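Me: I would like a close look at one part of this chain, followed by a careful account of what lies around it in the model.

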Amino acid sequence: MSPSVLVVTVTYNSADTIRPFLDSLAEAGHADEVIAVDNASTEAEEVGELVRAAGHRFVELDRNAGYGGGVRAAVEAASTAPDYILVANPDVVFAPGALDALVAAGEQEPGAGSLGPKILEADGRIYPSARRLPSLRTGVAHALFGRIWPGNPWTVKYRAERETETRRDAGWLSGACLLLRASAYRDVDGFDTGYFMYFEDVDLGDRLGRAGWRNVYVPEAVVTHTGAHSTSRARRAMEKAHHDSAYRYLSRRYSAWYFAPLRLAIQLGLWGRLWWVSR
């Protein structure tokens, strides 16, 4: 029997992107159930009409639960217990067969807890979506130099920018489009809903690895991420969410009492970086 697949997307003012998402999903492969969860956005009614018209389920939350919270709500609303859960942003467009390619890779790689496709940006460039887990050194250097010196060696190493054409293991995979083995998802209790936005995929990849699962990059599956349309409308708030999530992730990795001075230094550094990028 073919594995069963649940497709989940979390929408927020996504009326302009959900139709291309759904249209391309129909050509991407077999899905047993598709659920869209809206995080209490002003376009929920319009998005709901489009989702239902395509024959899929729509769940409207009464508050913004964040990305991980929206995914959790969708999984809990599923009518069946799937073998795989595809989590994707609503501004993703699937190449034909992309979903089937990810599921096939999952069947070929039984130790894979998560599998991620090659993600193209709107201009056709490859987005480095399969990265190493950030160490303190590479994380700090990437944060300091990533925007002003994109080709710096720490950013290039962390993003694994030259490793985009072959199937391989990664430290974590972008949550913009991610196939999760349902048993692995349950094993680590899914996304940590303490992350409102950003770093929930880094944290998930880290916890999957610690639990003995692999994060596998599958470049034969291709999607295009057209852009963070909803977050661009509230850039300052999203920058703050990004820095808050970075601190949550790093402070939990260095949680021992003797790392207290390091956690303080990280927090001060992130506050300074937030001020600088938000000027």
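What is the relative accessible area of Trp-276?

Reply: This is a predicted model, in which local features need pLDDT of at least 70 and side-chain atom pairs count only at pLDDT 80 or more, while totals for chains, interfaces and linings use all residues. Residues are numbered from 1 along each chain as its sequence is written, and side-chain values use heavy atoms, with hydrogens and water left out.

Trp-276 has a relative accessible area of 36% and is therefore partly exposed, a class that lies between buried (under 20% relative accessible area) and exposed (over 50%), as computed with a 1.4 Å probe on protein chains only. The residue is found in helix H10, which spans residues 260-277; helices here are DSSP runs of H or I with at least four residues, strands are runs of E with at least two, and both are numbered from the N terminus. Although Trp-276 and Val-223 are separated by 53 residues in sequence, their C-alpha atoms are 33 Å apart in space.

Over residues 7-116 the chain is 40% helix and 25% strand, with its end C-alpha atoms 14 Å apart.

Helices H1 (residues 18-28) and H2 (residues 44-53) pack with their axes 10 Å apart and at an angle of about 15°, which makes H1 roughly parallel to H2, a term for angles under 35 degrees. In the contact (heavy atoms within 4.5 Å), Ile-18, Arg-19 and Leu-22 of H1 meet Val-47, Leu-50 and Val-51 of H2. The residues of this contact divide into five nonpolar, no polar and one charged; Ala, Val, Leu, Ile, Met, Phe, Trp, Tyr, Cys and Pro count as nonpolar, Asp, Glu, Lys and Arg as charged, and the others, Gly among them, as polar.

Ala-40, in the loop between strand S2 (33-38) and H2, has a positive phi of about 55° although it is not a glycine, and at 35% relative accessibility Ala-40 counts as partly exposed. Asp-189, which lies in the loop between helix H7 (182-187) and helix H8 (200-210), likewise is not a glycine and has a positive phi, of about 65°; with a relative accessible area of 49%, Asp-189 is partly exposed.

Helix H8 itself is largely enclosed by the rest of the structure, because eight of its eleven residues are buried, among them Glu-200, Asp-203, Leu-204 and Leu-208. H8 is followed by Gly-212, whose phi is positive, near 95°.

Pro-153, in helix H6 (residues 153-159), is partly exposed with a relative accessible area of 48%. The C-alpha atoms of Pro-153 and Ser-174 are separated by 21 Å, and these two residues are 21 residues apart along the chain.

Conventions:
Axes fitted to C-alpha atoms, helices over the stretch in contact; angles between N-to-C directions. Parallel < 35°, antiparallel > 145°, perpendicular 65-115°, else oblique.
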